[in-house]
Amino acid sequence: MSKDILKLENIKVKYGDFVAVDGVTMNVKEGHMVSVIGLNGSGKTSLMNAVAGLTKISEGKVYLGDEDVTGYSSHKMVSAGLSLVPQGGHCFNRMTVLDNLIVGSYKKSARADKQKNLEKVFELFPVLAEKKDMAAGSLSGGQRQMVAIGRALMSNPKIILFDELSLGLAPVVVKDIYATIKKINEIDNTTIVLIEQDTRRAIATTDYSYIMLKGKVLLEGDATDLSDEDIKKAYFGI
Amino acid sequence: MSKKTLIYLVVYATLGLFFIAMALTGALSSNVMRYLVQIFLYISIGEVWNLLSGYAGMTSLGQQAFIGLAGYSVAMATTVYKIHFGLGILIGVGISAIVATVLAFLLLRMRGMYFSITTWVVAEALGTFFLSWGYVGKGAGMTMNITPYPRVDALYNMSLAICLVTLAVVYILLRSKIGLGLTAMRDNISAAASLGVDIGRTRFLVYLVSAVITAVAGAIFCINKGTIYPDSGFSIGWTISMVFICIIGGVGTIEGPVVGAVIYVLLQEFLAHYPGWSNIILGIIAILIIIYMPDGIVGTIKKKWIALNRKTEKAA
Amino acid sequence: MYIVQVLINGILLGGIYAVIGLGMSLILGIVKLTNLAHGEYVIVGAFASTVLSEMLGIDPLLTVFISIPLMFIFGYLLQRILINHSMKRGAEPALLVTFGFSIILKDAMLLKFSPDARHISTDYSNNVVNVFGMDISILNGLLLFISIIVILLLTLFLDKTYMGKAIRATADDAEAAALSGINVDKAFAVAMGLATATAAVSGLCVSMKWTFYPTSGGRYLLVAFVVVVIGGLGDIKGTLVAGILFGLMQVIGGANYGLLISYIFLILFLVVQPKNLLGRLKNKGGARV
């Protein structure tokens with residue numbers, strides 16, 4: 001019986017008067033792959049940004065394993081073991097690919113593993129090894145996404161959140177990256193949370209799904225339990 | 001006319017008539033008038049700096065350029081050309097307007113810190129230039145050779161006039177189409193542009209208006225002092241006063257600079273007892289206000305008022 | 001020959017100007033803050049060296065070993081305690097806070113030290129060495145040497161250390177840096193500390209080469225600004241080139257017009273839109289700030 005690695009209890013995120021996330025509860029089990037899906041504006045990105053410490057959580061609690069990490073800033077979350085790969089990848093364009101990855105092992109506990117993790121990343125993404133001395137800004141969209149993922153891996157995370165991985169990428173690239181993420185999950189037992197608009201692929205790849213609309217979780221369940229009909233209803237709010 | 005406009009009009013007219021009446025009846029002592037002269041003039045330069053920085057987003061650190069130019073114009077007019085100081089003021093305004101227009105070509109392409117530093121550089125350059133310009137007496141400066149020299153009540157009338165005019169101009173500008181554009185620019189410049197606000201023209205107009213008003217007020221300041229030197233006319237101290245006034249009063253409000261000017265003049269009086277410390281104290285207060293009370297006194301009161309109203313609305 | 005001598009001595013001074021610009025470039029490029037007090041920091045450094053060398057009776061060159069760490073801490077604390085907060089209020093409030101700070105520092109120095117001119121002269125201040133028939137100032141050479149060391153050390157730090165890479169990452173994308181585990185507030189504070197530390201070195205050079213007053217800050221702010229605008233933000237090599245260019249301008253313009261030439265050059269550069277010109281310089285290799 002695997003334990004909960006990430007617990008969200010009734011999370012509310014408000015921007016001024018606007019309620020972006022309206023009472024979300026989630027329990028993510030260690031080693032699982034979980035997806036959070038919904039339309040633009042459903043609150044999934046706001047939720048993940050708040051969990052990762054980029055924005056403030058107005059109400060509710062976040063637990064990473066047994067640790068209460070509510071209100072932790074981003075860098076503290078990384079230290080605690082949670083890493084977010086934001087929408088669009090986001091690399092340090094003026095730095096080399098290698099430096100981008102090294103920055104990923106900035107947190108004190110990950111520095112000793114720098115070499116080991118670099119090798120792991122280069123094995124998962126061989127193209128990065130080829131281009132390691134090139135400026136990250138000169139890489140293609142898919143390659144930059146790989147750099148961002150690699151960077152997250154360098155911090156020895158217990159759980160990685162991926163915000164709209166497939167955005168702006170060609171389908172064949174998306175397929176490869178998804179396969180690699182599955183590999184990461186299998187090899188290291190790293191918990192994966194995918195935030196996606198592409199329902200079909202996300203649900204097919206993951207063990208458990210949450211469908212959000214207007215800041216709330218409308219539907220959740222194992223991939224096998226969710227019927228297409230139910231998903232469509234929740235996704236569009238019909 | 002909306003209720004708000006009516007209130008402003010009533011307050012403005014009342015206070016305006018009050019101060020005019022006070023002068024006419026001779027009820028004010030020279031001492032009080034001296035303070036009021038300073039207050040009225042600081043309100044003027046504060047209001048237009050506010051317009052520039054708080055509304056149009058152009059933080060000028062070089063308004064003293066116009067004060068120096070206007071002051072020297074009056075000095076030259078009265079000393080060398082022996083003409084009436086009123087004409088001297090007009091000449092000063094004219095020169096400032098021309099300089100502002102020329103500068104606008106340069107400045108209006110710049111944003112943020114480039115704009116700010118360039119305005120400062122221009123003022124410094126002017127100061128340096130006047131320091132070595134024989135025509136204006138170089139470092140020795142010039143005096144205002146006005147006979148008979150205006151007494152404090154004449155100065156009072158002049159400064160009250162420019163203050164009332166400034167407040168009216170600022171208010172009307174902000175209520176006009178230009179003003180709406182400004183407020184839009186203050187909140188979100190790209191949205192404003194996409195809505196058809198002519199950013200360039202608006203910024204130019206605001207820059208020109210502020211230059212002209214600063215010039216008039218600056219000229220009266222210099223007449224009040226009686227002399228002008230390169231490092232008094234073009235001193236960064238003017239900017240310090242404008243920044244302080246607007247920050248403590250509240251950037252982005254009309255009432256802000258009024259409150260700020262009063263506080264500034266009183267504070268200067270107090271700080272005169274501690275020579276050398278005045279800028280330090282002003283600086284510390286300004287920094288604390290920026291960090292802890294960024295909306296200034298008026299801004300903070302306004303926000304609390306709105307929040308209070310909202311609470312009573314919700315309760316109702 | 002005499003002209004070449006003057007020019008070479010001018011180029012040697014380029015190092016000083018480059019370091020002055022470097023301090024501003026660090027803060028502008030990394031923290032995205034315009035530090036209007038940078039000129040005053042340089043003068044603080046100049047006074048620090050003056051006071052320390054008098055108090056301890058040591059050669060002024062040695063004072064940097066004390067003034068650098070002291071000013072690093074000063075800059076670090078200032079950023080951490082004051083400026084980070086004002087930046088949360090916006091770019092303009094932060095600018096005004098640095099403006100307020102420059103005024104406070106200037107007047108504080110006026111109070112503490114009289115408005116008199118200051119200068120540190122040493123036995124070797126005016127010595128020259130004869131190279132190929134030209135008299136080259138030893139002091140200029142020494143100061144250039146120090147400037148280059150500072151630039152090298154800074155480059156190494158930014159290139160090789162974790163904190164250095166963290167600072168560069170923060171400059172590129174502060175949000176992504178935070179998500180990578182970097183404490184952005186701390187990175188900013190270290191960057192500020194480094195910038196202030198370079199001001200300590202600049203201050204030493206200023207105090208040994210020229211006379212300065214508590215009010216000289218403005219002139220060095222201008223130097224910093226010109227060097228940054230010409231040399232390009234975030235390019236250490238560009239800053240060095242710009243510094244040398246500035247040195248040449250000063251030497252050609254002489255005492256009276258040197259400043260004026262700088263003003264004009266600056267304004268020309270701003271009109272011609274520096275960003276486009278400097279795109280070329282940026283593509284040269286080397287440490288990025």
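Chain A and chain B do not touch, and their nearest C-alpha atoms lie 13 Å apart; contact here requires that the C-beta atoms of two residues, placed from the backbone, lie within 7 Å. The model is a predicted one, in which local features need pLDDT of at least 70, side-chain atom pairs count only at pLDDT 80 or more, and totals for chains, interfaces and linings use all residues. Residues are numbered from 1 along each chain as its sequence is written, while chains are lettered from A and ligands numbered from 1 in the order in which they are written.

Of the 2 pairs of chains in contact, chains B and C share the most contacts. The interface joins 28 residues of chain C to 27 residues of chain B. On the side of chain C that touches chain B, two or more residues come from each of α3 (64-89), α4 (91-112), α9 (217-231) and α10 (236-271) of chain C; helices (H or I, at least four residues) and strands (E, at least two) are DSSP runs, numbered from the N terminus. The greatest share of that side is given by α4(C), with 15 residues. Its composition by class is 20 nonpolar, 5 polar and 3 charged residues, where Ala, Val, Leu, Ile, Met, Phe, Trp, Tyr, Cys and Pro count as nonpolar, Asp, Glu, Lys and Arg as charged, and the others, Gly among them, as polar.

The contact between chains C and A takes 16 residues from chain C and 21 residues from chain A. On the side of chain C that touches chain A, α6 and α7 (174-179) of chain C each supply at least two residues. The helix that gives the most to this side is α6(C), with 6 residues. By class, the side of chain C that touches chain A has 7 nonpolar, 3 polar and 6 charged residues.

The secondary structure of chain C comprises 11 helices and 2 strands, in the order α-α-α-α-β-β-α-α-α-α-α-α-α from the N terminus. The radius of gyration of chain C is 18 Å, close to the 19 Å that the globule rule gives for 289 residues, so chain C is as compact as a globular protein of that length; the radius is taken over C-alpha atoms, and the rule is 2.2 Å times the number of residues to the power 0.38. Buried residues make up 54% of the 289 residues in chain C, a residue being buried if 20 or more other C-beta atoms, placed from the backbone, lie within 10 Å of its own.

Two helix pairs within chain C were examined. Helices α5 (residues 138-160) and α6 (residues 162-172) of chain C pack at an angle of about 80 degrees, with axes 5 Å apart; axes are lines fitted to C-alpha atoms over the stretch in contact, and angles run from 0 to 180 degrees between N-to-C directions. The pair is therefore roughly perpendicular, a term that covers 65 to 115 degrees. Residues C:Phe157, C:Leu158, C:Asp159 and C:Lys160 of α5(C) meet C:Gly164, C:Ile167 and C:Arg168 of α6(C). For α3(C) and α8 (residues 184-209) of chain C, the packing angle is about 140 degrees, with axes 7 Å apart. These two helices are therefore oblique to each other, meaning that the angle is neither under 35 degrees (roughly parallel), nor over 145 (roughly antiparallel), nor in the roughly perpendicular range. Their contact has 19 nonpolar, 6 polar and 2 charged residues.

How values were computed: Buried ≥ 20, exposed ≤ 12 C-beta atoms within 10 Å, placed from the backbone.
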